[in-house]
Amino acid sequence: MFERLYDTAEQANIQFVGYASERARYDFGIVYTTAFFGKPLIICMQTNRSSLLDYDDLDNLLYLQRAFHLDAREADEVSVFLKQLIPTMPVKEQY
């Protein structure tokens with residue numbers, strides 16, 4: 001038995017972006033949506049891992065390391081790169 005928590009559909013903006021550093025190549029899909037408190041869904045296409053991140057979350061390098069299987073230097077590079085793309089915006093009320 002299960003209880004359906006939500007089932008919604010919306011038109012979302014999706015951005016695909018890739019870049020190469022001296023150490024690695026990165027390909028991300030960024031899904032901008034009004035769901036999930038307005039946080040974009042960041043998808044790493046190399047690792048098939050994803051996370052909901054807003055601009056302020058990009059300062060948490062330990063979280064980025066765990067979320068996308070990065071070392072400390074890579075997490076810093078990814079943070080700097082994604083900060084150029086993710087808008088600063090207040091978290092939206094969901095409930």
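Which residues in H1 meet Ala72, Ala75, Asp76 and Ser79 in H2? They are Leu61, Leu64 and Gln65, where contact means heavy atoms within 4.5 Å. The points below start from the model and the sheet, then return to these helices.

1. Basis. This is a predicted model, in which local features need pLDDT of at least 70 and side-chain atom pairs count only at pLDDT 80 or more, while totals for chains, interfaces and linings use all residues. Residues are numbered from 1 along each chain as its sequence is written, and side-chain values use heavy atoms, with hydrogens and water left out.

2. Sheet. Four strands make an open sheet in the order S1-S2-S3-S4, with antiparallel pairing. Strands (E, at least two residues) and helices (H or I, at least four) are DSSP runs numbered from the N terminus, and two strands pair if DSSP finds at least two bridges between them. S1 and S4 are the edge strands, each pairing on one side only. From one strand to the next the twist averages 20°.

3. Strand S3 and its neighbours. S3 covers residues 41-44. It is joined to S2 (residues 25-32) by four bridges, and Phe28 has Cys44 as its bridge partner in S3. Four bridges also pair S3 with S4 (residues 49-52) in the antiparallel sense; here Leu41 is partnered by Leu52 and Ile42 by Ser51. S3 and S4 form a hairpin with four residues between them, and Asn48 in the turn has a positive phi of about 60°.

4. Buried means under 20% relative accessible area, exposed over 50%, and partly exposed in between (1.4 Å probe, protein chains only).

5. Helix pair. H1 (residues 61-68) and H2 (residues 72-83) pack with their axes 9 Å apart and at an angle of about 105°. H1 is therefore roughly perpendicular to H2, a label for angles of 65 to 115 degrees, with under 35 counted as roughly parallel, over 145 as roughly antiparallel and the rest as oblique. Axes are lines fitted to C-alpha atoms, for helices over the stretch in contact, and angles run from 0 to 180 degrees between N-to-C directions.

6. Salt bridges. The count comes to seven, taking a salt bridge as a side-chain nitrogen of Lys or Arg within 4 Å of a carboxyl oxygen of Asp or Glu. In the pair of Arg73 and Glu22, the closest N and O atoms are 4.0 Å apart. That pair links distant parts of the chain, with Arg73 in H2 and Glu22 in the loop between S1 (13-20) and S2, 51 residues apart. Arg73 is partly exposed because its relative accessibility is 44%, whereas Glu22, at 76%, is exposed. Glu22, Arg73 and Glu77 are linked in a network of salt bridges.

7. Two further pairs. Arg23 and Asp71 meet in a salt bridge at 2.2 Å, N to O. Arg23 lies in the loop between S1 and S2, and Asp71 in the loop between H1 and H2, 48 residues apart. Lys83 forms a salt bridge with Asp59, again with 2.2 Å between the closest N and O atoms. Lys83 is in H2 and Asp59 in the loop between S4 and H1, so this pair ties together parts 24 residues apart in sequence. Lys83 counts as partly exposed at 25% relative accessibility.
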